[in-house]
Amino acid sequence: MKSKLSNAFLAILLFGCFVDFPTVQAQEAQVGKLTGRAEQGKPLYRRYCIGCHGPRGDGTGENAPYIDPKPRNFTQATFKCRSTPTGTLPTDEDLYNSVGRGFDNSNMPSWAPLTDQERINLVAFIKTFSPRWKTDKAGTPINIPNEPPVTVQSIQHGHDLFQKLECWKCHGPEGRGDGPSAATLTDSNDQPIRPYNFAEGSRFKCGGTNQDIYRIFITGVDGTPMPSFADVIQPNDAWDLVHFLRTLQVNREGPERALLKSSGTKLQPIQTSSGGGR
Amino acid sequence: MQLLKSCTATVTALTLAAIVTAAPGGGTVTGKITYTGTPAKPKPIDMAKEPSCAKQYTTPPMTENVVTGPGNTLEYVVVYISAGAPDESSAPSTAVTFDQKGCHYTPHVLAFQVNQELKVTNSDQTSHNIHPLAKVNHEWNKSQPPGTPPISEKYDKPEFISVKCNIHPWMHGWFAVVKTSHYAVSDGSGEFKLPNLPPGKYTLTAWHESYGTQTQEVTIDGNETKSANFVFTAKPY
């Protein structure tokens, strides 16, 4: 009688050791049919990521003092490139894409040489660095409507929006990253940071397509001075702004610049004196 | 019959007792915040980069990381009950407002409760971006052009959050998000008042953005007023 009871007790204890508890959800990542597991991402992190992002995932790896911008601090769960609104968590796919794409003008390379499965395992492991992944859900991805055709009116209207929304304050009247506020910009860790220079023509932080530009100024680049304009711009207006921004990329002969040139339209220079209300 | 009478008497007595202890008013803690030493002098802010704001001032406005009053008093110190009172996660339904006017945040330090609605307004002719640098709460950053509606947000964790505008780097403010309804911000005379405290043993915390945090114990027995002063050490830089 006694031994049966203690056997049962032991069985329950052992069973408890092997049961997966609900918290394991936070240690998984999902992109389409790909499922990543944190415990499989861990050795990959130690091989590829720890040098910059550090053993605690807080961006204090051995290389960190020598590089600028600083490596991402995963413990805060603030990410630059999201499809989700400012202040919310990115989706697994956002992280998966960031790791694969890398970040131009930074030391974060493209990790495309990893297999898809390795990449998604890494994403799952990165999510274990912040407790926010256990309490919050990822934000709802913004809706990006279909891009309307590029027309001269669209570009002209985008130009007017660039003026009115005061993008030039940081990005400069020609988008060269030399606006009146550019020199004093700091990121959320008080490190100096420059606004994007459209004339330089390098790829945008979060991808190089028109959809990527649309997404950047609607969701904002969290952790940097670039705010979200989601509450102050309509979807059609947003596309007009995208078309205008492309014309600022003087080193990239895209369809927007070609159209502007062939139409013979001359856009008014952006006015930089904010003389009280426009 | 006898039982009913004594029951009624007991109930009445208990109700009376309950009314007495739950009287509005309760105890009060008042105090004055002062400093020793010499604080750094406030510096004038140059708003030449934003003419629409600069022209709103006849003399340049001053930095506000240390604001003093007559008698070596300190303004903008947040005083609140940090222990001894139950946490209050259901916030008042009224919103608090943080305004941007003259490229300046009003009030400089805004104290409010966890889950209470925060409204940010732009009363200027220029765009601002409102960027509270939360580390414990979610960090967000939104553009707010002139003439656009107030931005409504809330925070679900207590934290002292530094607020900045990236476009106008001289703008600095603070959100003091606390999980109690017993809080106050010291005024131009360095004074604060915490009323309506039920009896209990409390820890009072005083926070200043440049001079740090101090605590003090205070006990309330009934409806008395207790005094609790804080003295901070000023830094010359």
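Q: Which residues have the most contacts inside the largest nonpolar core?
A: They are B:Val77, B:Val78, B:Val79, B:Ala111 and B:Ala176, in a core of 50 residues. A nonpolar core is a set of buried Ala, Val, Leu, Ile, Met, Phe, Trp, Tyr and Cys residues joined through C-beta atoms within 7 Å; buried means that 20 or more other C-beta atoms lie within 10 Å of a residue's own, with C-beta atoms placed from the backbone. This is a predicted model, in which local features need pLDDT of at least 70, side-chain atom pairs count only at pLDDT 80 or more, and totals for chains, interfaces and linings use all residues. Residues are numbered from 1 along each chain as its sequence is written, and chains are lettered from A in the order in which they are written.

Q: Which strand gives the most to this core?
A: β13(B) does, with five residues; strands are DSSP runs of E, at least two residues long, and helices are runs of H or I, at least four, numbered from the N terminus.

Q: What is B:Val79 in contact with, leaving aside its neighbours within four places in sequence?
A: Its partners include B:Tyr183, B:Phe192 and B:Leu204, where contact requires C-beta atoms, placed from the backbone, within 7 Å.

Q: Changing topic, why is helix α5 of chain A largely enclosed?
A: Eight of its 11 residues (116-126) are buried, so the rest of the structure largely encloses this helix. Its buried residues pack against β1, β2, α2 and α4 of chain A.

Q: How many residues of chain A are in contact with chain B?
A: There are 27 from chain A, in contact with 23 of chain B.

Notes:
Contact = placed C-beta atoms within 7 Å. Buried ≥ 20, exposed ≤ 12 C-beta atoms within 10 Å, placed from the backbone.
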